[in-house]
Amino acid sequence: MKFTVDQNLCIGCEACEGISPEVFTFPNDKSQVKLDPVPPSLQESALKAEANCPVEAISHTS
Ligand code: SF4
């Protein structure tokens with residue numbers, strides 16, 4: 001599963017890193033995905049982060 005953060009939408013709230021720190025990182029003031037693809041063991045937390053993003057900046061493809 002591949003995850004993407006839309007850099008134009010992300011407001012840098014860091015919620016996704018709080019929920020799924022293995023998958024999301026903050027090299028600048030925006031979230032980026034550091035695992036591509038995201039391994040099965042981390043997909044549940046990454047999907048939870050996606051669902052909790054306040055601006056729906058995170059998306060995924062299977
Ligand atoms: S939860 Fe959404 S808005 Fe917040 S840092 Fe992550 S991608 Fe950006």
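**Entry 1: terms and model.** I count a residue as buried if 20 or more other C-beta atoms lie within 10 Å of its own, as exposed if 12 or fewer do, and as partly exposed in between, with the C-beta atoms placed from the backbone. The model is predicted, and I note that local features need pLDDT of at least 70 and side-chain atom pairs count only at pLDDT 80 or more, while totals for chains, interfaces and linings use all residues. Residues are numbered from 1 along each chain as its sequence is written.

**Entry 2: the whole chain.** I looked up burial, and buried residues make up 24% of the 62 residues in the protein chain. I then listed the helices (DSSP runs of H or I, at least four residues) and strands (runs of E, at least two), numbered from the N terminus. The protein chain has two helices and four strands, and along the sequence they follow the pattern β-α-β-β-α-β. The C-alpha atoms fill a box of roughly 25 × 20 × 15 Å along the principal axes.

I also checked the radius of gyration, which is taken over C-alpha atoms, with a globule rule of 2.2 Å times the number of residues to the power 0.38. A compact globule of 62 residues would have a radius near 11 Å, and the 10 Å of the protein chain agrees with this.

**Entry 3: helix α2.** I found A46, A49 and E50 buried in α2. Seen down the axis of α2, the buried residues fall within an arc of 100 degrees (the arc of the directions from the helix axis to the C-beta atoms), so they line one face of the helix. The face turned away from that buried side carries the exposed residues E44, K48 and A51.

I call two residues in contact if their C-beta atoms, placed from the backbone, lie within 7 Å. The buried residues of α2 pack against β1 (2-5), α1 (15-19), β2 (24-25) and β4 (58-61).

**Entry 4: V5.** I found V5 in strand β1, where V5 counts as partly exposed because it has 19 C-beta neighbours inside 10 Å. Leaving aside neighbours within four places in sequence, V5 is in contact with several residues, including C10, S31 and I58. V5 and S31 are 26 residues apart in sequence but 6.7 Å apart in space, C-alpha to C-alpha.
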